[in-house]
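Here are my notes on the model, point by point. Please read them with the coordinates open.

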Amino acid sequence: MAIPVMATSAIVMVASIALLLDIRSRGVSSYEISEAEFGFASWVITILDFALMLFFVYTGFRLKNRLAIAFGLLQLIPMAGLEMAVYGQEIEPALVIDYLAIVMALVINIVGSIICIYAIKYMEHDNAQPRFFAIMLLFLGAMNGAVFANNLLWLFFFWEVTTLCSYLLIGHERTAEAKESAVRALVYTLGGGVALAIGIVLLNNYYETLSLQAILKADMLGGIALLPFALMAIAAFTKAAQVPFQNWLLGAMVAPTPVSALLHSSTMVKLGVYLLIRMSPALGGSTALAWTIALVGGMSFLATSILAITESNAKRVLAYSTIGNLGLITMCVGINTSLAISAAIILLLFHAVSKALLFMCVGVVKHETGVVEIDAMSGLRDRMPFVSIAFAIGVFTIMLPPFGMFASKWLISEAAISLPLLTFLLAMGFAATIVYYSKWLGRILSAGSKANRPSPATDPISRIFRYTLGALAVGAILMSFLISWIVKYLVNPYIELDFGSSVGGSGTTIFSSLGEFPIVVLLVVVGAMFLMAILFSKPKKDELSQPYTGGESYQFETGGFYLMSRLTRDRFSGITNLVAVVLLVILVLIPFAIEVGTSL
Amino acid sequence: MQNRIGPPIIQPFYDLVKLFGKRPMVMNNGQIVFAYAFLILQAAALALLVSGGDLLIVFFVSGAGSVAFVLGAFSARSPYSFYGSQRELLQILAYEPVLLLVILLIGYDRGTFTVSSLDMSLLPALSLALIALMVVLVIKLQKSPYDIATAHQEIVSGPYVEYSGPFLGITKLANWFEVAIVLGIFTLFYWNENAFFSIGGKVAIVAIALFATQVLDNATARLTRERMLKFTLPFGILLVALNMALVYLSNEGVF
């Protein structure tokens, strides 16, 4: 399996970079590809789209799952109606490639490909490797299609393909638990697909076009015409596993680790927040709608950050962390200022790299030792030093200054003061994030006295693991150094189109309208001194001590700390879901309320 | 008091100098690396604050320093150190939201986070936030009722237990920087065009804050972890929320 997967990965990586260089050399902010250039491809997409929806209905019958059948039919009927209504109509351009799409393409193709290469080793004893890799690569393809699509029908098709891929991949292991989780994921995301389908039909109804670009550029209609955006936001929430839809992503943890890494970092959930960022210019039309979206995001961030403290399974902690970070992006879209959208794109980019790295570390640990519980990872530093260092880099780059992802958290904090209520969700969420990551990393780094440590450990992990983890770890740090260029050449060209840029970079510092962050200076100072400390801190033999145990026996076990009992935790997530459902109901009611308000 | 003469007020400095002169004893190099990281990050944060940098960055860099300290304590597999660092994390959970909210409130009120462009007393508009900040100071100073992580009688000074000699000195020094950052934020609450008054006022605020923590320290017993969390967070957040509402109302021209 190794050679075709590696070749495909290399090709898509190079292609995505070539795309960036191409758009830069043309000096344009976006370019368009007409439907005519695809010939009969658009027919193929239409046919496949209906085949796919019929497959979902069929799967619903096969699984005897009424909800899946209902959701399948609820997509099929409006889409069939829409196809007939727009039959023969040209929807131009078919694809629009702008900087937002390119940022997404880079994330999908580079991070996604690294995960696929990693999977070659991880899945080497699997019985259905061809099927597995075919779906993985199809997933990457569908993601690319979805972010470039301008024709909403195409966007819908690729959106549904990602639903299919995630369903197949989550159920890959064919255990009862895997099947259950796969069905759950299918039902949740099909539900989102229904919201998207109805949203698209309504958009065509109000704006009389299916070109996303034209809709976003059109004069915004108020009132009930906001309803499709509310529905599309709900579709995005299901993909991005925002509260109250977070359960499918937590269940998806039964999938092989490369699948989790892919779902969490570069595909699937990122498609949800991509759609939100994409439609953010339209949300400026209604503050009520935007703020409700911001609240859903803020709630997702706070609730999952607290729940992550109570969780002892490594993959579930990472899942909560993903939902939290996507919550931050959702919140940014809701705040809807230039500063907030810049922060959202930076976060999306850096989160993909760091989160893929963390998942892959957890995967290696599981692959080599079978351990997934955090408490059992105690002292991993001695046994698997390479993975532990990679993991530490992942945690540092995801939460601590002066690394890149932190820059976006800084921008988010600044952006949030335009909606003070959010600052409270944010402040508590940040602190909780520090707690759950620190206690986990602390476990891994925990080591006994060097005096009684066995001979220096050699890391048994394979070369593929070493290279893929290493590439992401180095990439995460390197990107932090390059952040001002990332802001200048990747983020701002998109932001300038709709908002006017608000974040600048001058090589060593990034600055916003409210403050400045001397990121490279900090990186160099802190990094250099940290490295010196590592290099010159070799305690001599006679300087080693034993742990102080108050004179008791040296053997001891330390328990973890989880803040809440299981009961409190369940109650807490129950309340969170309730609040989130109320927010979603409000979200859908807002357009009606505005309509009624203006007609009175 | 009690006819006895206590140690001089600069005794902690003597202690620190003495610690640096001692022979290093550690369990492993993780401890050393994170002790240095703790010091470097706190020093960098303090330097940023003094040089008039961005308050949010000061907060986050200092927060990273606290994380480094926790990781250093976790590095040594020892029961007291382990429990100490768990408690330290709980303290972070208790004070960080309040500190961040105070800083965000400053930004909300003044429209900037850059220290050098804060040229007005914050006290009149943000007096409630100042009270919220007191809780943070008490925790950072490791004073009663919030000396929970370093509780001597329970867990033998917690995260510090496996540090000795110069490395204990480094962590102590870093903790002083940490406290200096909070006190530095206190000084922002007073400003006057006359440099002399300005400095006088700032010193007075710091002196009052320190005196208040001493009184609290002597008047209270240590709280449990749960009560710290259940009290400080709602207390601090409520004060900041009230203050934010007041700022909002005055911006809207209600008064």
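1. Helices here are DSSP runs of H or I, at least four residues long, numbered from the N terminus. The model is predicted. With that settled, take the end of α16(A): just after this helix, G370(A) has a positive phi of about 75°.

2. Of the 32 residues, 27 are buried, so α16(A) is largely enclosed by the rest of the structure.

3. Where does α22(A) bend? The bend is at N492(A), by about 55°. A proline, P493(A), follows within four residues. Both N492(A) and P493(A) are buried. Other buried residues of α22(A) include I483(A), I486(A), V487(A), L490(A) and Y494(A). Just after the helix, G500(A) takes a positive phi of about 85°.

4. Two helix pairs in chain A deserve a look. Two packed helices are described by the angle between their axes and the distance between the axes. For α14(A) (residues 287–309) and α20(A) (residues 420–445), the axes come within 8 Å and cross at roughly 25°. Angles under 35 degrees count as roughly parallel, and α14(A) and α20(A) are therefore roughly parallel to each other. Their crossing is left-handed. On the α14(A) side, the residues that meet α20(A) include A294(A), G298(A), M299(A), L302(A) and S305(A). On the α20(A) side they include L422(A), L425(A), G429(A), A432(A) and Y436(A).

5. The second pair is α2(A) (residues 41–63) and α6(A) (residues 152–170). These helices pack at an angle of about 40°, with their axes 10 Å apart. α2(A) and α6(A) are therefore oblique to each other. This crossing is left-handed. From α2(A), the contact is made by I45(A), L48(A), D49(A) and L52(A). From α6(A), it is made by W154(A), F157(A), E160(A), V161(A) and L164(A).

6. P244(A) lies in the loop between α9 (227–239) and α10 (247–251). A241(A) is placed in the loop between α9 and α10 as well. A241(A) is not a glycine, yet its phi is positive, at about 55°. With 30 other C-beta atoms within 10 Å, A241(A) is buried.

7. M268(A) is found in the loop between α11 (257–265) and α12 (269–278) of chain A. M268(A) has 26 C-beta neighbours inside 10 Å, so it counts as buried.

8. Is A580(A) buried or exposed? A580(A) is buried, because 21 other C-beta atoms lie within 10 Å; the cut-off for buried is 20 or more. Leaving aside neighbours within four places in sequence, A580(A) is in contact with V243(A), P244(A), V296(A) and M299(A).

9. L138(A) is in α5 (residues 129–148) of chain A. With 16 C-beta neighbours inside 10 Å, L138(A) counts as partly exposed. L138(A) and T162(A) are 24 residues apart in sequence and 8.5 Å apart in space, C-alpha to C-alpha.

10. Finally, chain B. Its secondary structure comes to 9 helices and 0 strands. Of its 255 residues, 53% are buried. Among contacts between residues at least 6 apart in sequence, 79% join residues at least 24 apart. S250(B) is found in α9 (residues 225–251) of chain B. S250(B) counts as exposed, because it has 12 C-beta neighbours inside 10 Å.

Notes. Residues numbered from 1 in each chain as written. Chains lettered and ligands numbered in written order. Predicted model: local features only at pLDDT ≥ 70, side-chain atom pairs only at ≥ 80, totals over all residues. Bend = angle between axes of the 7 residues up to and from the residue. Axes fitted to C-alpha atoms, helices over the stretch in contact; angles between N-to-C directions. Parallel < 35°, antiparallel > 145°, perpendicular 65-115°, else oblique. Left-handed = near helix turned anticlockwise from the far one by under 90°. Contact = placed C-beta atoms within 7 Å.
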